[in-house]
Amino acid sequence: MNPILPTSTVGSLPKPSWLAQPETLWAPWKLQGDELIEGKQDALRIATKEQRDRGIDIVSDGEQTRQHFVTTFIEHLDGVDFSRRETVRIRNRYDASVPTVVGPVSRSKPVFAEDAACLRQQTDQPIKWALPGPMTMIDTLYDGHYKSREKLAWEFATILNQEARDLQAAGIDIIQFDEPAFNVYFDEMRDWGVATLERAAEGLRAETAVHICYGYGIKANTDWKASLGSEWRQYEESFPLLQQSTIDIVSLESHNSNVPTDLIELLRGKKVMLGAIDVANQTIETPDEVADTLRNALRFVDADKLLPSTNCGMAPFPREVALAKLSALSAGTGIVREELSGTPS
Ligand SMILES: [Zn+2]
């Protein structure tokens, strides 16, 4: 049984230096073949243990077995040619050379089920697994086949649903879809984005979450954030739709961001995974800062629906920074738990 305010991370954690170059986003692997498979699973075991040692309640794989949160999944699908590259604009923010959709997309076998089963073996605590959302997937590809973002998104939604069912069968309790694209493409989100997300989550027994953020602390993202002004109201577009949706949990940025806290009210009734840890800044939050962020949010979300978390993944951090931030998250959450239970600290 979970405590009140169960803590979790959004997803990625730094990888060990023997597996991939530290402090580098999407770093290539240092091992190959069977050594790589064993190395990834060892890293997953370490990441799981570190989370548990630092008091994290809902444990994830730290994305130790993946190079990239979107493309590692797509690499395992048919219909996408990684040797044919086109340059496209990612979330209207930066140009990237991306693979091409050359035919019907499909999934011939489960992608992450074995890794998820490995995670399940590590702990009896609730476990969470992140997949990219349909709209974020199409935004990292050049579509030379369907010639329709919507059509491709529906195809990916079907594939994601197959994958989510396999993850559920492997023992995953919470399946999270990462949809940073929901902070950018508001018209498409309204027209078919939320519908394709619901399709991806259809019929699952596992709880479902959607993570919407302003991205990792890389320059293209911090420049974009600087252009958004003193109040970030992007969530105002997605939250009312998600409040009406079948998705159980919404994961959002809060600490050190310019998101007005009262926007959380738009999600009333849903569980809220709240970012109480900044991923764009290496300064370790104090437990009191974390507690303040949580108290602020509790004005707009019921305590039994609040899940303290990080703003986004922590892959680009030095390991000790990420781990210290996990400890701060747990300690800050502990303060608020005691306040809620009426026990003096
Ligand atoms: Zn994120």
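**Entry: ground rules**

I am working with a predicted model, where local features need pLDDT of at least 70, side-chain atom pairs count only at pLDDT 80 or more, and totals for chains, interfaces and linings use all residues. Residues are numbered from 1 along each chain as its sequence is written.

**Entry: the whole chain**

I looked up the helices and strands. The chain has 10 helices and 10 strands. Both are DSSP runs numbered from the N terminus: helices are H or I with at least four residues, strands are E with at least two.

Next I checked the radius of gyration, which is taken over C-alpha atoms. It is 19 Å, close to the 20 Å that the globule rule gives for 345 residues, so the chain is as compact as a globular protein of that length. The rule is 2.2 Å times the number of residues to the power 0.38. The C-alpha trace spans about 60 × 45 × 40 Å along its principal axes.

**Entry: the seven-stranded sheet**

I noted the strand order of this open sheet as E1-E4-E6-E7-E8-E9-E10, with parallel pairing. Two strands pair if DSSP finds at least two bridges between them. E1 (59-60) and E10 (306-309) are the edge strands; each has a single partner strand, so one side of each is left without a neighbour in the sheet.

E6 (residues 174-178) and E7 (residues 207-211) run parallel and are joined by five bridges. Ile-174 has Glu-207 in E7 as its bridge partner.

**Entry: the three-stranded sheet**

I found a second open sheet, in the order E2-E3-E5, with mixed pairing. Its edge strands are E2 (78-90) and E5 (142-143), each pairing on one side only.

E2 and E3 run antiparallel, joined by nine bridges. Asp-78 has Ser-106 in E3 as its bridge partner. E2 and E3 form a hairpin with three residues between them. In that turn I noticed Arg-91, with a positive phi of about 45°.

E3 (residues 94-106) pairs with E5 in the parallel sense, over two bridges. Helix H5 (residues 149-169) packs on this sheet and touches E3 and E5. Its direction makes about 70° with that of E3. Axes are lines fitted to C-alpha atoms, for helices over the stretch in contact, and angles run from 0 to 180 degrees between N-to-C directions.

What else does H5 lie across? It lies across E4 (127-132) and E6, running at about 165° to E4.

**Entry: H9 and H10**

The axes of H9 (residues 287-297) and H10 (residues 319-341) come within 7 Å and cross at roughly 55°. The two helices are therefore oblique to each other. Angles under 35 degrees count as roughly parallel, over 145 as roughly antiparallel, 65 to 115 as roughly perpendicular and the rest as oblique.

I listed the contacts, meaning C-beta atoms, placed from the backbone, that lie within 7 Å. Among the H9 residues are Val-290 and Leu-294; among those of H10 are Leu-329 and Ile-335.

**Entry: H6 and H8**

H6 (residues 186-200) and H8 (residues 235-243) have axes that come within 10 Å and cross at roughly 15°. H6 and H8 are therefore roughly parallel to each other. I wrote down the contact residues: Phe-186, Met-189, Arg-190 and Val-194 of H6, with Glu-237, Ser-238, Leu-241 and Leu-242 of H8.

Conventions. Two residues are in contact if their C-beta atoms, placed from the backbone, lie within 7 Å.
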